[in-house]
Amino acid sequence: MQRSRWIGAGCLASALVLTSCTSGPAGVDAKQDPKATLELWTRTKPGGPGEQGTLKLTQAFEKATGHKVKVTAIFDDFETKLQQRAAQKKLPDLVMNDVTQLGAMNSQGLLREIDLGRIKNSKDLIDRGLESGKSLDGKQYALPYSAQASALLIRKDWRAKLKLDTPKTWDDFAAMAKAFTTQDPDGDGKQNTSGLAAPLSTKRGYASWYFSNFLWAAGGDFITEAGKGTYKPAMTSKESVEAMQWFRDLGCKDKSVQPGSVTMDTPPTNETFEAGKTGMFVVGPYLLPRFDESLGKDKYEVVPMPKGPKDATVLAEGGSVYLMAGSENRAGQDAFVDFAISAEGQKVGMAGDTGFVVQLPVNKTVDITQVRPDPRWQTYAEAYRTSGRYAPSIPNWTPVRQATADTVNALMADCGLDLRTKLTELDKQLAGILKEQGIAAS
Amino acid sequence: MSLDQADPAALPAAGPATRPAGADGSRKRGRRSGRWWTPWLFLAPALLLFLYFKFIPMVSALTMSFQDVQPYLGNKWVGTENYATVLQSLGFREAAWHTVVLAAGQTAGSMALGLALALLMEGQSRRLGFVRSAAFLPVVVPIAVVAELWRIMYHPTEDGMLNSILGLVGFGPSGFINDPDSSMASIMVTGIWRGAPYDMMIFLAGLTGVDRGLYEAAKVDGASRWQRVRYVTVPGLRSVFSILFILAAIRGLRVFTEVFLLTNGGPNGSTEVVMTLIYKLGLEQNRLGVGAAGAVLLFVATLILTVVVQLLRRRESK
């Protein structure tokens, strides 16, 4: 009797010991081995074109430098899996992930600072891109390998049928969306089309992500810099309120946003555009290969976003190379990021009709028209160069995106809500988030 | 587990069934040379699996719920801060209320529909077997497919599938999951559609245990069909009801997938449940400590619910 109790206690104790093992001392300086194989994690679907593209890039890198790279593609729960490796104190050497992950990864101590002096190609980087890899204190923690910005896709045949010009102002934009909704552009005699395709679900903050194209073009902001690396909420500023009102009217007054948008993330929204249910869509270039195949290249066109009340600012996004802490091959890490942003690396990354990892080049010396003669890419490159804007690298951007997505979603779903009250609530919530992250302006 | 299983093991004389075969002659020696571990040896594979895949993760989740989880820098103890974050987060109370409403609605709806289906499909006929399998299909279909199916059926315009049926009987198009007023009910209906056949199967099993003689006796006494259901079938299924209630309530509290796939808590937070909130706070924001705290809270709520139902049952059976 006694003994069996002891066994039970033993089990419990060992469980406790095993779990407490996981919290050891912080990242140790690993012994360097310049020949060690570099482990690279990339956030893309395993077996998909993204992985193929990454492999092409790493193979070119291996050939050029003699380093060895092992690529692992992970899509679902990428960040959680990275945490697990962090718990084992054995991070991959390199991570290729979204630029917006910078704050989160840096505040967890997962990154090592990049010495730009060792990355000779960094002088050719587009300034905007270089900036996107800096943390709030101005230190470089990541370098982008690919960029993208939003542009407007329009159903060309619909526009021709209704004899409309490409929109030059927000009024044109709204008028076109309304015409696509009410004037039966597909000519089937039924009112079954909508102007604008918009993923406005709260999932992953899509509503906020999509709305940022409009908010920024109006001169509004989610949070705005208040000096010395601090921020304050800005959703009740005059510009933000007007942007929200205008965007809301598209859905509530003109009814020109696709029905069901408030529960749709990107896959079902893409389908509405492909299926000829919607005629305008503000997206990045990564959807072009897909729409070329499903809808046909001749059916739609890519134009820059029309100027808003302030300018034509659109959301810039992209992928960055992160050099992870604790690597035993720092020279190899430097060499890889240097290759990825070099003219050669960028060209390898852009090659092919599908399975390219570089959307728009981040290297100034690379001319996109030479690699991709398709003028639509030129439009995207131009939008990025002149009007692209990244989300700020605050320690954790996700809560800001979630909170704003919830509000945008609410205002679009329920046309009876008072806009100002909702935005005031949102500002209060944002203030709390900023305070929690220690970057609130006093 | 340990006491129930350990008692007979530690006192081999008390439970001959647990003693290894052929131990008669060696009872004395067995006691001396540590035969006490034999049952543990048999249990070891299962215990080891439980230890690594259940108990250790549970304990570490509990530890994590008191920590700021930063695996690389080392976790920091923050006391009950994570719990405060969850409990004080905007909309936690609403989410808890939504969860209760959804759990209650789905449980009641599935049980009512399940019982009705079971009564309709009770019997031996071979054709019934086919119908039963067909009715059981929603349970077997992966939830991701179910959600996509219902999203199509819930299309918010007049030419949407359910809306065109509503149109036939003169009701205007409903927004279903896209309208904050009807989103919760829509998710509930999806849940009932999926849960009812499962309940039906358990009811069917329970129905075979109801004495046929009682039906005949009731019939002889002049009971109507409804009265037979009311006074014979339902009391006969009492234990089935309580099992189903516990299962459904636990399922209801943990509801996640259908909400996540259909609305992700929107529109305007009208369908936010505890699990989607935990997912947002903990996993999407990569704050695992907060996620763990939420999970522990949910576990405690489930535990309390189960214990209360058990106590009520015990009191009733006395």
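**View 1. Chain B at a glance.** Chain B folds into 15 helices and two strands; here helices are DSSP runs of H or I with at least four residues, strands are runs of E with at least two, and both are numbered from the N terminus. This is a predicted model, in which local features need pLDDT of at least 70 and side-chain atom pairs count only at pLDDT 80 or more, while totals for chains, interfaces and linings use all residues. Residues are numbered from 1 along each chain as its sequence is written, with chains lettered from A and ligands numbered from 1 in the order in which they are written. Of the 318 residues in chain B, 31% are buried, a label for residues with 20 or more other C-beta atoms (placed from the backbone) within 10 Å of their own. Looking at contacts in chain B between residues at least 6 apart in sequence, 62% join residues at least 24 apart; a contact means that the C-beta atoms, placed from the backbone, lie within 7 Å.

**View 2. Helices H14(B) and H15(B) side by side.** The axes of H14 (residues 274-284) and H15 (residues 288-317) of chain B come within 7 Å and cross at roughly 160°. Axes are lines fitted to C-alpha atoms over the stretch in contact, with angles from 0 to 180 degrees between N-to-C directions. That crossing makes the two helices roughly antiparallel, the term for angles over 145 degrees. H14(B) contributes Val274(B), Ile278(B), Leu281(B), Gly282(B) and Leu283(B) to the contact, and H15(B) contributes residues including Leu288(B), Ala295(B) and Leu298(B). Eight of the contact residues are nonpolar, three are polar and none is charged; Ala, Val, Leu, Ile, Met, Phe, Trp, Tyr, Cys and Pro count as nonpolar, Asp, Glu, Lys and Arg as charged, and the others, Gly among them, as polar.

**View 3. Strand E1(A) and its partners.** Five of the six residues of E1 (residues 38-43) of chain A are buried, so the rest of the structure largely encloses this strand. E1(A) runs parallel to E2 (residues 69-74) of chain A, joined by six bridges; pairing requires at least two DSSP bridges. Opposite Leu40(A) you will find Val71(A) of E2(A). Three bridges join E1(A) to the parallel strand E3 (residues 94-98) of chain A, where Trp41(A) has Val95(A) as its bridge partner.

**View 4. Helix H10(A) and its surroundings.** Among the buried residues of H10 (residues 266-274) of chain A are Phe273(A) and Glu274(A). The buried residues of H10(A) pack against E6 (194-197), E9 (278-283) and H11 (288-296) of chain A. Just after H10(A), look for Gly276(A), with a positive phi of about 70°.

Terms used
Angles under 35 degrees count as roughly parallel, over 145 as roughly antiparallel, 65 to 115 as roughly perpendicular and the rest as oblique. Two residues are in contact if their C-beta atoms, placed from the backbone, lie within 7 Å. A residue is buried if 20 or more other C-beta atoms lie within 10 Å of its own, exposed if 12 or fewer, and partly exposed in between; C-beta atoms are placed from the backbone.
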